[in-house]
Every structure is written in C-alpha cells, then in structure tokens.
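Have the viewer open as you read.

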Protein chains: 2
Amino acid sequence: MAHEVRLVLVGLGNLGRRFCRILADKAGFLEERYRLRLVLVGAADSRGTAHSPGGLDPALIARIKEEGGSVRDYPGAGSPGTALELVKACEAEVLCEATPVNLDAGAKPGLSVIREALSRGMHVVTPNKGPIVLAYRELSELARKQGVELRFDGTVAGGLPALYLGARDLRGAEIKMVEAVPNLVTGYILDLLAEGLNWEEALTRARKEGALEADPSFDLDGWDAAAKLVILANHVLGYPARLEDVEREGIRGVDPEEVRRARERGGLVRLVARAERRDGGYRLTVRPEEIPPGHPLSVLGRKGMGVVYYTDIYGTISATIREEDPVPSAATMLRDILDIYLGR
Amino acid sequence: MAHEVRLVLVGLGNLGRRFCRILADKAGFLEERYRLRLVLVGAADSRGTAHSPGGLDPALIARIKEEGGSVRDYPGAGSPGTALELVKACEAEVLCEATPVNLDAGAKPGLSVIREALSRGMHVVTPNKGPIVLAYRELSELARKQGVELRFDGTVAGGLPALYLGARDLRGAEIKMVEAVPNLVTGYILDLLAEGLNWEEALTRARKEGALEADPSFDLDGWDAAAKLVILANHVLGYPARLEDVEREGIRGVDPEEVRRARERGGLVRLVARAERRDGGYRLTVRPEEIPPGHPLSVLGRKGMGVVYYTDIYGTISATIREEDPVPSAATMLRDILDIYLGR
C-alpha cells in the first residue's frame, strides 16, 4: 500500500506548472519505487484556486496553465478565491510554494501563505527565495515549534542540491570559504559579451529570448545572487546574514573587452557570490570575477550554475548543474518532499 | 548535556590514524555545535588492540601509529588480541572499519568484523570498499534486520559525498548515465605522461612518491575503479551489479602521445567508470577516456576525483573534490556518524 501525501500548490508560473507536469509524469514511478502517492488537493494562481479533497489532475492543471488559463476555471473545482484562503481551507500535509520571487518586505503572497501553512502544521517546500531571505529565522523557528519541515533546496542554484550538500554532507567541517555562481541570466549575458556582442546587443538579445525580466535589476545588479548568498550563509554557515550585509556589485560595469580576454585565457567571467571566513564571521560579497582555467567553476556554460566549498577536513568540494530549462528548479520541490517522507 | 556515542575503530593505517587525529581535533567543536561526544572505547591494528570503556585518547593513538607502534602497547589498555575479539567484547554504538581494501572473497578482516558488529546491533561506518563490493546485499539486509545503519560514503571517491548526492538528492529522478573518475593514482600517472614522461619514468616516479602500491594492478588495471562503480550501481542506481559485470580496461595500454595530444586540446585522459542505462539495466564500463574541454570533469587536477549524474528531471549534476591528502577520506567516517546521529 502506498503512503498518501496531500499537496497544495501555490503559484502556477514557470515552476508551478512544470511541477504539475512532474507530478503527472512521475506518479507511477513514485508509487512503485517509494510507495508514495502524491495527491494534489489544491492549487492556486494569481486569478483563483482549485480545490478537491479527492485530488486534482496535475496534467490538466499544467495544460490549463500552458494555454494561458487559470485554475479558477478547473471543471467542478475552480473558484475565484485567493491562495491564502485556499491554504486556510485545505486539508493537506505539504504546501508547495512557488510564487514569483519578491524581495519587498511584504513578500506577498509567498510569506503569508507559508506562515499560514506552518501554523496549520503543514510541511512547506519552496524554491521561492523571497520568504526565506526575509524571514529565515522566523520561519525556521515556527517550523521547529510546529514540528514540521521547512525545505527550500531550490532557492540557491536551481536544481543543484547546494544547500543539502553544504548543510548535511559537510557537517563536522569548518567551511573556510564558499564561492557560488548561482545566477543564470548574468552568465548568459557575460557569454554574449565574450562572443563579441556589445552591452546593448547583449541585453536586447537576452530580452528577446525571454531570459531577462522587464525589470532587469534583480539579476544584473546582483540582488538575486545576494539573496541566494544570504540563504546559504544562514542555512549552511549558520551565519545570520541579511541582504544588507552583502557587499554587492552587479555586472553592468563590466568591460566586454575584459570578458573576451578572460575567455582567450581559457577562463570566464561570472557574477560570483562569495562568503569568506573573517573575524569569527563571514565577509559576503557579490561581484563579477574572472574564474581562471582549471577552477571547478571554469567549466560553467550558459546553462550552468555551481558552488565550491573550501573546508578543513573534507578538502575542496564543488558541485555544478547544467539546466536546459526550469524543470530541475521545479523538481526541487519533489526532492524536498521525498527527503521529508523518505528521510535518509 | 552532550549525547555520548561510543566508537570502536578497526584499522589504524592511513585512514584510521587520521580519523583519530580528527576525533582529537574536533572534540570541542562537535560538542559545542552538535551536542555530540564521540568516545573511542576500542581500537585495533594488525598487531593488537586497546580497549577502555572509559575512553582511549585518540591523539595518543595517532601518535603511537605515526611513530610506527601498535595499540597493543597503549598504556594500561593494550593487548595482543584481534580486531574480531575486540568487536565481540566491546560495548559501543558504532564500528568504524578502516582496514585496507581486500577484494578477495574472504575480505578479512573487514567483512567478518562488520558482520559481527551488525549482528551485535552496532551501526557501521566504513570507507573500505572490499566488504561492500563483496557483500552489499547481505550486509544491507543484516543492518536492516538489526535496525542499525550501515554507511560507506568514503568508498567511492574519497571525501566526495558521491553516494549521498546520488542516493538522496537525486531521488525521484531516472539516472540515465553516471560518469565517475574515482581513482587518484591513475590520474596522477596519466598527468605525468601528459607532462612528457614515458611509462617507465611515470611508474618509477609514482612508486618513489608512495602513490603506487607494491602491487600496482589494483589501480592500474582498473580494479579499484570497477569496485567503486559496483558500489555506486548497487547503492545509487539500485542495480545489483557484481565486479564481474564490469567491462574493465586499465590504463597500461594508454599511448603517452595520445595523453599529450588530449592536453594540447585542452582536455585530459582519465580512467572513467561509467554506468549507462541499457535494456532496463545498466552497462558498466571502466576504461581510459579523453575528457573534452568544458566537460565538468575536465578540471580535475592530480588530486581530483569526480562524478557526473545525467538525470531526467534534475538536469546534469556533477561534483568534484580536490584531496591534498587522505584526511577527507578519513573524515567520511565522521560524516557518516553525524548523518546517523543528526539525521537531516
């Protein structure tokens, strides 16, 4: 007999709808391999919700979203309510929170929905940096108090288990330094510069291909990388950093000529997020750096992200991922759920 | 109050004595950070044992071994008994098994000592490939039956958590292929060839520097890499492979000229262990291959090992380690112990 776990999913954009597709595709595999049946009982987008205690069809939700619709129109289960109302009403074991990142202090709707779910005794899995950056300590303590799990492996480097690696497999070590290249968009733009485009051409190309948001500041000015570094510092290093503790320099000032020269030397330029041991704490920086040939992150292509941990007893350990699309980032919610239910 | 965990350590060679040093150096840190006190109550080398229910001094054992002595001479606690006798007599929660690798069917003393410890209800952590390759299924089932943990993260790529990464962080995925460079010695020799040495010079140099065993076949003919691939196949892929299932070609037939040309092209030659999905199972091979520039393992230096997992939903994930000495391999026993006692 399979163990049944009821999920409610908030956010049906790039990640949420891909997660629905994964749920549909993997149902048989999960039941056969792990004796686990994941049942989606609720789903919310910005226009409404769908709710069915007996289970929604994740493939149908994926299709509705791919066609530009809203789950409020889900046959027999849709309604114009809000995500928060859904989470309040839903009986489920896990909230999957996948709304767009929002680093404003309100961070709605992610933060309020996560608070509500934890308060109701639900586990929470989320690839959404916003709530974790803004309220790491509050949410961690709330989860502990409630005896539930809060997981956010997808917040730092897409589908790369950078947090699990650092927080679990490096236990016992002192981490002297962490270097991460956690942002895809800046890597893509820097590679366009390396190929000979000028800044204007590179931005136009990136925007045309949908890689760049309408407001590109989040990526280009290093806010995304800084947010990821803050999560890593808190969760892996146990260092209670906030966004304002990061010395942050984006890539807008990068000279394309330097990027091209770095490539000629066999290296590459990337926006590097770094935590370096200093005075009992860590110095946190985000800035463009030349990564020399032979460095574990020198192999990152356009679709690559990575992290390097410099430790005292485990040597220097690095991990990289190549993500051709957002599927791995969406799949981190599955990784987190399996980790909660299968443990070690 | 710290939680006390009693350890018995069998094998005080390269890894065992370094593990003693780690226990001594990290005692304060482990107690402060994790409220865990690891007490070494027994230790065995090939000449005798030391046993003290109140705890042995790991720093003293490290010193005795560094000076070429035996724990049989440990003041007030030494005796000429065997490791198996020690494990039978010792009251402890964890066996740390670090005897030299032995792929013969007997695989003594590791296998018999591990069987005894599991039968007595002790957890077992070991970086020793021999017992795991030869008796993966038997030992896993014995551990499950006894309700204890069997951990062997150090068996596959030194201090790299290749097994934890594959078996835990990739759950939910189908792993289409694994590529690993799990052997240090062959990488070192291939790099010497790349630098212009001929085969005889490279082997002489490696032997003089202590990198090569008296019987070099274990490394050069790919037995070590094949053993690691078998463990990976069983534990990560759930594929019940045995050593004889691996198509194995060592590096002795490698033409130094080809190695040099690969380096000129920006790549390198390494002994690659590969598992490739085929006909519902996996095809397992160990053979020298050219790793092209840009490949995640193309950055492996002399002290580097690594693994790449090609998955359906988590993209392509790679991990590498640079180990300057055997400390990271020894430290995997600490990682395994912490994982058992701290869980997630």
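Are helix 4 of chain A and helix 5 of chain A roughly parallel or roughly antiparallel to each other? Before the answer, a word on conventions. This is a predicted model, in which local features need pLDDT of at least 70 and side-chain atom pairs count only at pLDDT 80 or more, while totals for chains, interfaces and linings use all residues. Residues are numbered from 1 along each chain as its sequence is written, and chains are lettered from A and ligands numbered from 1 in the order in which they are written.

Now to the helices (DSSP runs of H or I, at least four residues; strands are runs of E, at least two; both numbered from the N terminus). The axes of helix 4 and helix 5 of chain A come within 10 Å and cross at roughly 5°. Axes here are lines fitted to C-alpha atoms, for helices over the stretch in contact, with angles from 0 to 180 degrees between N-to-C directions. Angles under 35 degrees count as roughly parallel and those over 145 as roughly antiparallel, so helix 4 and helix 5 of chain A are roughly parallel to each other. Helix 4 of chain A brings residues including Leu111(A), Ile114(A) and Leu118(A) to this contact, and helix 5 of chain A brings, among others, Leu134(A), Leu139(A) and Leu142(A). (Contact means C-beta atoms, placed from the backbone, within 7 Å.)

Stay with helix 4 of chain A, residues 110-119, where the buried residues include Val113(A), Ile114(A) and Ala117(A). Buried means that 20 or more other C-beta atoms, placed from the backbone, lie within 10 Å of a residue's own. Seen down the axis, the buried residues of helix 4 of chain A fall within an arc of 165°, so they line one face of the helix; the arc is that of the directions from the helix axis to the C-beta atoms. Their cover includes strand 1, helix 3 and helix 5 of chain A. Just after helix 4 of chain A, Gly121(A) takes a positive phi of about 85°.

Now zoom out to both chains.

Finally, 40 residues of chain A are in contact with 40 residues of chain B. Helix 12 of chain A gives the most to the side of chain A that touches chain B, with 8 residues.

Methods
Buried ≥ 20, exposed ≤ 12 C-beta atoms within 10 Å, placed from the backbone. Contact = placed C-beta atoms within 7 Å. Parallel < 35°, antiparallel > 145°, perpendicular 65-115°, else oblique.
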